[in-house]
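Have the viewer open while you read.

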Amino acid sequence: MTSKPKAKLAPLPWIEIIVYWMLSFGSHLYSFYHLHRFSKEHEAGLKREFHLEDGLLKGYKRDLSDFEWSFWTEWAKKSLLWTLIGHGLVSRLTSFFYPKLRVPALTLYGLLAASNVLGIKGVSVLLVHLGFSFSVAQLRKTALSWTCSLLLLSTLHIQQLQEIQRGWYETEEEYYLLLFSVAVCGLRFISFSLEHCWSPLDHGGIVQLCWLFSYTFYHPLFYNGPIITYRDYIEQMRRPAEESDRDKSAFSYFVLRSGRIILWWCIAEYMIHVMYMHSIQSNETYLEILPPWALGGLALALVQFFFVKYLVLFGLPSMLATLDNLTPPKLPRCVSIMYSFTGMWRHFDEGLYRWLIRYIYVPLGGSRHGAFYNMLATSFAFGFVCLWHGGHDYLQYWAMMNWAGILVENGLKFLLSSSFVHAIVEQNFSAAMERRCIALLSAFSTAMLILSNLVFLGGIHVGRIFWKRVFVQGWSTILPPMLAFLYCFAQIGLEWTSHPP
């Protein structure tokens with residue numbers, strides 16, 4: 001989880017780059033086509049076993065097996081989309097007529113919107129967590145603040161409390177919304193507590209509490225993020241408005257970003273209409289009988305859908321935050337050009353990555369105090385992410401795979417940067433050949449990265465079957481061409497990193 005800048009890579013002939021683009025893009029389309037064929041051939045069986053409903057496109061079914069997508073799209077239609085629009089209107093009106101009241105107005109609006117969705121009892125849970133976190137933070141003891149925060153997060157897994165909270169709502173989805181809200185707000189409470197412990201804030205307790213309320217109930221980021229640290233939030237909220245052309249540029253930004261979000265939503269919906277990847281991954285029989293190209297298409301479709309899904313889920317909140325003069329984390333980078341575990345963590349959920357670096361990795365020593373502290377800090381970071389997501393067995397495997405992947409990558413970087421190995425490489429390889437070797441090593445790293453993501457997205461059984469079919473049974477038939485295509489993916493990723501758009 002280090003963040004050192006990379007040396008500039010050597011350019012390759014343009015014809016070679018074009019070949020890599022063609023093979024990468026063509027392999028995506030061809031594997032998706034085979035997965036589509038398999039989906040249509042087994043549509044009747046999938047419909048009987050899983051929830052396939054009549055699709056928005058005539059002649060197609062819609063796969064609703066991805067809980068997160070179905071959950072948030074239903075809540076968007078019910079209320080969340082409208083409350084986000086309401087937030088934008090309140091922000092615009094107060095900025096124009098009463099700019100000094102903008103932050104209090106947005107805080108009050110966020111509190112009312114949360115109360116409308118979660119109910120008074122649900123918001124009361126958050127207020128209790130907020131009160132405990134604020135009170136303990138006043139003692140300015142980092143260990144005590146961490147202990148309090150972890151205990152509060154652990155209440156999400158106490159069965160007796162779960163049953164009580166479920167009784168507050170008519171549907172299970174309403175209860176899940178409370179869980180998501182408490183989990184995300186838990187990161188905010190930790191951020192406030194540690195910032196206060198490290199550098200006591202320059203205003204009184206009442207003002208601090210008001211800012212904590214504003215930070216907690218800021219509506220666009222309330223339910224699902226992306227994550228902004230407390231320090232960044234208050235600094236950016238205090239920034240003065242920009243020049244007179246701000247409204248014109250804001251309108252152009254709103255139109256363009258809204259169009260992109262709608263396009264991402266259409267792509268996500270199209271994927272679950274033509275490829276039933278989420279239903280297929282839930283059935284081990286289908287995973288065992290998938291043809292090799294369809295198997296590869298399933299892996300690519302699952303990770304690509306996850307990427308597009310979070311473009312939508314983070315896209316609208318980030319747009320509203322930007323219009324409020326905040327600087328939200330960058331949106332996820334396409335997973336097909338991710339060629340390392342480190343890059344995946346740095347560029348997919350940048351907000352969570354920064355949070356982990358600031359509050360766990362760096363305080364525990366990071367890379368400044370040698371390999372041992374680097375391993376320790378990284379293990380604690382992944383341990384926290386695993387716990388925060390729920391601590392289930394498949395999450396433990398996923399966290400261990402990512403931890404091991406980052407350690408191996410860091411070890412290889414250290415080895416290749418040593419004077420002895422560096423001298424051998426310079427004597428025997430050109431700069432272009434050195435880049436090709438890096439891409440080849442990255443292909444193996446990407447294969448493990450995809451495998452870990454499949455465990456995260458589908459569970460242990462999906463990872464186990466992919467490992468068996470690709471790395472054990474298919475080591476001589478499926479693995480070599482897969483690594484060849486992943487080599488092309490890595491070259492595109494390296495090109496993208498060297499020459500970002």
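Let's start with asparagine 325, which sits in the loop between α13 (292-323) and α14 (341-347); helices here are DSSP runs of H or I with at least four residues, strands are E runs of at least two, and both are numbered from the N terminus. This is a predicted model, where local features need pLDDT of at least 70, side-chain atom pairs count only at pLDDT 80 or more, and totals for chains, interfaces and linings use all residues. Residues are numbered from 1 along each chain as its sequence is written, and side-chain values use heavy atoms, with hydrogens and water left out.

**Backbone**

Most residues other than glycine have a negative phi, and most peptide bonds are trans. Asparagine 325 isn't a glycine, yet its phi is positive, about 75°. Is asparagine 325 buried or exposed? With 8% relative accessibility, asparagine 325 counts as buried (under 20% relative accessible area; exposed is over 50%, partly exposed in between, using a 1.4 Å probe and protein chains only).

Arginine 140 is another non-glycine with a positive phi, about 60°. You'll find arginine 140 in the loop between α4 (102-137) and α5 (142-154), and its relative accessible area of 45% makes it partly exposed.

Then there's the peptide bond joining glycine 225 and proline 226: it is cis, with omega about 10°. Proline 226 belongs to the loop between α8 (205-216) and α9 (230-237).

**Rings**

How many aromatic pairs does a search of the whole structure find? The search gives 37, where rings of Phe, Tyr and Trp (its six-membered ring) pair if their centres lie within 6.5 Å; planes under 30 degrees apart are stacked, over 60 edge-to-face, and the rest tilted.

| Pair | Centre to centre | Plane angle | Class |
|---|---|---|---|
| Phenylalanine 217 and phenylalanine 222 | 5.7 Å | 15° | stacked |
| Phenylalanine 222 and tyrosine 223 | 4.7 Å | 85° | edge-to-face |

As for accessibility, phenylalanine 217 is buried at 0%, phenylalanine 222 is buried at 1%, and tyrosine 223 is buried at 5%.

Elsewhere, ring pairs link Phe306, Tyr310, Phe314, Trp345, Phe348, Phe382, Trp398 and Phe456 into a cluster.
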